[in-house]
Amino acid sequence: METVYVVKGMTCGHCAGSVTSELTALPGVEGVDVALETGNVTVKSAAALELDQVRAAVDEAGYELVGVA
Ligand SMILES: [Cu+2]
């Protein structure tokens, strides 16, 4: 399945890379795609992810999870 999360504060490829690596480390995540222009982060996973886990991973990268698109 794919879920699109909205993340605030990413401005460049480095930001996108930090978020991607934190999210990729979550159990069950199969792919992460960041659209910098919108802040949309598309996550592919086998099963639904816990929003709290996704928020913690985004926070760990230094950004803010605004919600689900
Ligand atoms: Cu950056």
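Colleague: Which residue in S3 does valine 4 stand opposite?

Modeller: Threonine 42. Bear in mind that this is a predicted model.

Colleague: How do S1 and S3 pair, parallel or antiparallel?

Modeller: Antiparallel, over 5 bridges. S1 covers residues 2-8 and S3 covers residues 40-45.

Colleague: And how many bridges join S2 to S3?

Modeller: 6 bridges, and those two strands run antiparallel. S2 spans residues 29-35. Within that pairing, valine 34 in S2 faces valine 41 in S3.

Colleague: What sits between S2 and S3?

Modeller: A turn of 4 residues, which makes the two strands a hairpin. Glycine 39 lies in that turn and has a positive phi of about 80°.

Colleague: Switching to cysteines. How many disulfides does the structure hold?

Modeller: The count is 0.

Colleague: Cysteine 15, then: buried or exposed?

Modeller: Buried, because its relative accessible area is 6%, and the cut-off for buried is under 20%.

Colleague: Why is cysteine 12 called partly exposed?

Modeller: Its relative accessible area is 33%. That falls between the 20% and 50% cut-offs, so "partly exposed" is the label.

Colleague: Last topic. What feature does UniProt place at residues 1-66?

Modeller: The unreviewed UniProt entry lists "domain: HMA" there.

Colleague: How much helix and strand is in residues 1-66?

Modeller: 35% helix and 35% strand. The end C-alpha atoms of that stretch are 20 Å apart.

Key:
Residues numbered from 1 in each chain as written. Predicted model: local features only at pLDDT ≥ 70, side-chain atom pairs only at ≥ 80, totals over all residues. Heavy atoms only, no water. Pairing = 2+ DSSP bridges. Disulfide = S-S within 2.5 Å. Buried < 20%, exposed > 50% of the residue type's maximum accessible area, 1.4 Å probe, protein only. UniProt positions renumbered as here; feature names shortened; annotations may be inferred.
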